[in-house]
Number of protein chains: 2
Amino acid sequence: MNDLTAAELRVLIAVDGEGTVSAAGARLGLTQSAVSHALRAAERKLGTVLFHRGRGGAQATAAGEAAVGHARHILRLMEVMRADTHTAARGEATGTIRLAAFRSAAFHLLPRVLVRFGQRHPKVTVDVRIVPDLGRGIAGEVADGRADVGVVSLPVYVEGLVCKELYEEPYVLAHPTGHPDPRSLPMIDWHENCSGETRRWLAMQEWIPPGDITVEDDGVVMSMVGHGLGAAIVPRLSTVDAPPKVATTELGDGSPQRRVGYVTTRELTGSPLIRDLLAELRTLRAPAGT
Amino acid sequence: MNDLTAAELRVLIAVDGEGTVSAAGARLGLTQSAVSHALRAAERKLGTVLFHRGRGGAQATAAGEAAVGHARHILRLMEVMRADTHTAARGEATGTIRLAAFRSAAFHLLPRVLVRFGQRHPKVTVDVRIVPDLGRGIAGEVADGRADVGVVSLPVYVEGLVCKELYEEPYVLAHPTGHPDPRSLPMIDWHENCSGETRRWLAMQEWIPPGDITVEDDGVVMSMVGHGLGAAIVPRLSTVDAPPKVATTELGDGSPQRRVGYVTTRELTGSPLIRDLLAELRTLRAPAGT
DNA sequence: CGGAATGTATTAAGACTCTTCATACGTTGC
DNA sequence: GCAACGTATGAAGAGTCTTAATACATTCCG
């Protein structure tokens, strides 16, 4: 008379995602009525209104938001449980791990890791998603249960996650090759650069960046630099495999550093498969370029 | 036809803990038969044998061990989900409070307060801004709506604010350690010291300060004293965690006193969250150093 | 060997729960 | 006032969980 069923948890997630009870029903292959009943049952069991419903659909309350986040985690753990019991029984790991990472990590860091992990666990699918590390960003994806492990820039400001630093790398100046005075070029900024680390460093320099273009993706930043639109301060990793015509200059002593690490949830560290992936990530103490 | 129910997860844990199906039934208030059925259902759903059963009871297989570990986490998450939805629904404790304070309060007074407040309201962000208490100063920030609550030196000359004294502390003389005659040193003054209180006291002494350096930040004042540039009269709170080589001397009876309090607007005292923060501030009747 | 003790498995029936169909209710826009 | 769109509800059928009763398997021991 008390526990939410898995079906109810899925209903919560679907209603939150679709915004209406009817659409959630379609997504789940259920009737609108079934979803309405399930939602009501969930609210009765938790003793709280989870969604305000009306003409415009269903909108999560604060309690609903919290419930949906937990629902994702619980369902995910059930999947992991299934995968892990299979592994323990048959001896070969199966299942899926969802990994969220910023672009340059996905391109230049993860391949090496995932090749080795894949050799050890041929039946395991790793689902890599590139997520801009803005706002709650990658850590938010993990905290909200949309990813199992995140590769992030530290520090992380999201509560309740397990987090470990992997390595540190300097920011460098990327500029068009052969330019006589890179510092006179307009600065191309990058959304994920908001970390304050580089801002603070820039503020300390007698080097007022002349113009300001702002771009979301560091790959686009590098492309723009390659086309001569300006210079940019990016983590060294972003300059790996940069377009031709892009040169990099070290910023010298006291240059800002970017710290890269991983995050996951405490529960998932109980899974041997996740643990093995984390162990493989931990071999990543030096960036690819060095 | 697929998901394990919460009841089944509890059965797994109980059987693992008790070692027999029957005992697990007793612990859960169920029949042996019910537990046997549930166990079998769980094994069918996971497609794996979880316990070897026989005369000697039930012994978990490797897969069973894995499943039980996950089961505990899942049930725990369900509890947390229940708790979190409740606090989200009732507590409403979410959002941001903007706090303005002078430097030494932010460093030495607020941490204790905010730790406790943060434990009570984990979803609330407190935004602390350090504001020099000059001119209309911190009270002005609150009056102008740029902060919700201010920690200030009293008295406050801004109209229309709610204001309460928290505690009183003496001004002390900070000087380089081991100096034979601190009173011969040049005085380092501090913008926020304009309060008149110390001026009046100085005027009453036969101690005309030889030189005058003026600095905005009391942290800088302490640093200068540490480097031997002079002595300064500062509130005792400013000397907490002062650099090495800084000594303090009480000014004795009749020494000027600094009164510390908070200010906010009448409207904000209607918010339960603000009220709770003010209540927490009111526990601050003694400064950290004493 | 045979019976008592201890433990699990199975079957069938009742209670309970979930899903569906059909329909009612409430807003919004015209 | 009516159509469009969304949710809520009541009753019935399908499905699931729990139980009592009983069967089966193993071990201990005389």
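This is a predicted model: local features need pLDDT of at least 70, side-chain atom pairs count only at pLDDT 80 or more; totals for chains, interfaces and linings use all residues.

Visitor: Which residues come nearest to DNA strand D?

Guide: A:Thr20, A:Val21, A:Ser22, A:Ser33 and B:Ala34 come nearest, out of 24 residues around DNA strand D. Two or more residues each are given to this surface by helix H2 (21–28), helix H3 (32–46) and strand E2 (57–60) of chain A, together with helix H3 (32–46) of chain B. By class, the surface near DNA strand D has eight nonpolar, twelve polar and four charged residues.

Visitor: Which residues are closest to DNA strand C?

Guide: The closest are A:Ser33, A:Ala34, B:Thr20, B:Val21 and B:Ser33, and 22 residues surround DNA strand C. At least two residues each come from H3 of chain A and from helix H2 (21–28), H3 and strand E2 (57–60) of chain B. H3(A) supplies the largest share of the surface near DNA strand C, five residues. The classes here are eight nonpolar, eleven polar and three charged.

Visitor: How many residues of chain B are in contact with chain A?

Guide: The size of an interface is often given as the accessible area lost when the parts come together. Here we count residues instead: 26 of chain B are in contact with 27 of chain A. On the chain B side, helix H4 (residues 62–91) gives the most, with 18 residues. That side of chain B has 15 nonpolar, eight polar and three charged residues.

Visitor: Now the strand. Is strand E5 of chain A mostly covered or mostly open?

Guide: Mostly covered: five of the six residues of E5(A), which spans residues 149–154, are buried. Strand E3 (residues 95–101) of chain A pairs with E5(A) in the parallel sense, over three bridges. In that pairing, A:Gly150 of E5(A) has A:Ala100 opposite. Strand E11 (residues 257–265) of chain A pairs with E5(A) in the antiparallel sense, over six bridges. There A:Ser153 has A:Val260 in E11(A) as its bridge partner.

Visitor: Why does A:Val152 count as buried?

Guide: A residue is buried if 20 or more other C-beta atoms lie within 10 Å of its own. A:Val152 has 27 within that distance, so A:Val152 is buried. A:Val152 belongs to strand E5 of chain A.

Visitor: What is A:Val152 in contact with, beyond its neighbours within four places in sequence?

Guide: A:Asp133, A:Ile138, A:Ala139, A:Gly261, A:Tyr262 and A:Val263. As for A:Cys163, eleven residues from A:Val152 in sequence, the C-alpha to C-alpha distance is 9.4 Å.

Methods: Residues are numbered from 1 along each chain as its sequence is written. Chains are lettered from A and ligands numbered from 1 in the order in which they are written. A residue is near a molecule or strand if its C-beta atom, placed from the backbone, lies within 6 Å of it. Helices (H or I, at least four residues) and strands (E, at least two) are DSSP runs, numbered from the N terminus. Ala, Val, Leu, Ile, Met, Phe, Trp, Tyr, Cys and Pro count as nonpolar, Asp, Glu, Lys and Arg as charged, and the others, Gly among them, as polar. A residue is buried if 20 or more other C-beta atoms lie within 10 Å of its own, exposed if 12 or fewer, and partly exposed in between; C-beta atoms are placed from the backbone. Two strands pair if DSSP finds at least two bridges between them. Two residues are in contact if their C-beta atoms, placed from the backbone, lie within 7 Å.
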